[in-house]
Amino acid sequence: MKKLSKFVDTRIGFFTLLVVLFWLKTLFAYFTDFKLGAEGIFQYLILLINPLPITALIYSIAFYFKRSRFFYPVLMGLDIANTLLLYLNVIYYREFTDFMTIATMTGYSKVNQGLSGSSLALTNVHDLFYWLDIVIIIILMLLHKIHFDPRAISSKLAFAFTSMALTLFGINLSLAEMSRPQLLTRTFDRTYIVKYLGIDAFTGYDVVKSQHINKMRQSATKSELLKVKRFTDKHYASPNPKLYGIAKGRNVIVIHLESFQQFLIDKKVNGQEVTPFLNSLYHGSDTYAFDNFFHQVGQGKTSDAENMLETSTFGLPQGSLFATLGSDNTFQGAPAILNQRAGYTSAVFHGNVASFWNRNNVYKNLGYQYFFDASYYDTSGDKATGYGLKDKLLFKNSVNYLQNLQQPFYTKFITVTNHFPYSLDDEDKDPNFQTTNTGNTTVDNYFVTAHYLDQSLAEFFAYLQKTGLDKNSVIMIYGDHYGISNSENKALATALDRNPDDWTDFDNTQLQRVPLMFVIPGSGGHGGIYHQYGGEVDVLPTLLHLLGISTKRYIQFGTDLFSSQHSQVVAFRNHDFVTPRFSSISGTIYDNKTGKIAKLTAKQKKQLKKNHKLVNTELSLSDSLNEKNLLRFYHPKGFKKVNPADYNYSNGLKREKQIEKKLGDKSTSIFSKNGDRSTVDDYSTDAPEQNHSSTDSNRIKITNPDGNNK
């Protein structure tokens, strides 16, 4: 004990004491207050070591102060500040299930609005643990039980401590990258950075990111917005008069098909259709489908697809727009447009944690009134996969919330079961469906989970038809991005009756097609399969025109797919592009008819050069619009800027029912229109988990494991 006391009385010993105590406090927060979703020994190992390197690095600053009257106050000040940062994140996390960003800290009014009146309620008895060590150390110092060491640390030794801390952080970062590749460049959940690198590292990362964003935004001018506006005005495509407004006033139900590629439609395996129900919709007389529709996502994957769907702007060249800019960006998205132009209620149904892809913040900025995330569902036991509630249960258990929404509504269902690594419990598999035998587990399982997704859609449509909801809705179905990556497409080739040895980059590009269907029951039977080329950025103007809402006043990079003026140059995030005749891949031009390198005429070369310029321009302008937040300068007629403070996603069902009760006979919800009778029993599912017991059927949350495809 005396040896320990003597060690603490040295500067190195006191430094070590504070580092160890803060490390213990951080671990306490990890396992008590935060839900970081660590899985496996490797992730827990990273979790245990990640507080040490940055803490040691920060505290080593004190070594550069030679005099003891400076060293000890500086070191204690750093410890108190670091503890305050940790504790503020604990309080903030309890309220928002998220971590504090620099924008949150500097925007006091926003934090105060969220926490005022509830801060005391957010405290716990065990919070004393975060401050007890500091109180005790200060008392011991005042009682001279801890003595000040007058001996200064040499500059070389101080630098050695700093270097050692940086080396440890480098090792920490390397381990993190091994478990979660592109951790910092492809951030889709702040929880991941905290889990792998710690609170301090996350805060430092956010400081750098915020400075970069602020620098760009401070330099932004209205003239840059005008440049964007001139481009979108020039490329505006007027609606098809035959289809404009054919779905006016209808509910909109968007079904987001996770990792679902177009080749699954009409695909047979061992003589069996992989997606029989989707096939029937695809060929239905009331379905307006596209067979040359491409995903255009970048590193943001699913979030990029959502961004294009909601805003008709592209994702970022690196990372996710939702995760990087979504908390503060000004959007003029579908939920707000539909609410302000046609009185739509908006909601998202998704059985994953709200913070994934920063949705809990982005949806508010988009104007979504409700977000029913994993906290609204029973995700216990085998009811969920790694990425959330299984699809059959998502649709079934969302009816209780859907039926209370005021009509017309704009809703989005985000499915997750058809997600890499495409694992499905045996009890959920169709015993009559036999998948491929390519020898590649990913490919073989992909058909199994796609088949399950198809069954879940059939059940949901049966409910829509039984309640008559289908007749008053337009159901939009789209695939968000590829399911099988380019590296595994050769294994897929055999399932597509292709020779893997003949597979090229051209084939990889053609497989980037995903489904897009607008199912509009009772629209006159004029549906069909349309062959024009388009991409996800074209969805919003197409949908709005079907609803009879003009898009001319908005800044949108996509154009109406049904318009005769629609541009069929489909840009990819890496600046490649496809047209009905040619595909430009890494500078090589392929002929779409032959799949071979094209022999071009002078006229074709000239046109392709124009196409390439168009792609570069629209991607660059979209990046400028989003990175510099230029929409804050633009106020289209009749559009009121979204105030995210207007939305709170807790107690969604309670708020729905309060609105319903207040409206009385004027309520337009399905529940009210059904004579105040629930439609939950109208939904039938064969999901075996539906009857499994749970200890808490409403508030159980899932963890969020890492994946390499989301």
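How do the residues lining the second largest cavity divide into nonpolar, polar and charged? They come out as four nonpolar, seven polar and three charged, where Ala, Val, Leu, Ile, Met, Phe, Trp, Tyr, Cys and Pro count as nonpolar, Asp, Glu, Lys and Arg as charged, and the others, Gly among them, as polar. Keep in mind that this is a predicted model, with local features needing pLDDT of at least 70 and side-chain atom pairs pLDDT 80 or more, while totals for chains, interfaces and linings use all residues. Numbering runs from 1 along each chain as its sequence is written, and side-chain values use heavy atoms, with hydrogens and water left out.

**Ground rules**
- On a 1 Å grid over the protein atoms alone, a cavity is a set of points where a 1.4 Å probe fits but cannot get out, a pocket is an open set with protein on both sides within 12 Å along at least five of seven lines, and lining residues have an atom within 4 Å of a point.
- Points are joined across faces, edges and corners, and a volume is the space filled by probe spheres set on them.

**Cavities**
- There are six cavities of 30 Å³ or more.
- The largest has about 150 Å³, and among its 18 lining residues Asp538, Phe557, Ser567, Val569 and Glu618 sit nearest the centre.
- The second largest cavity has about 120 Å³.
- Of its 14 lining residues, Thr232, Tyr236, Thr551, Gln556 and Gly558 are closest to the centre.

**Second largest pocket**
- This one's volume is about 490 Å³.
- Its lining has six nonpolar, 10 polar and four charged residues.
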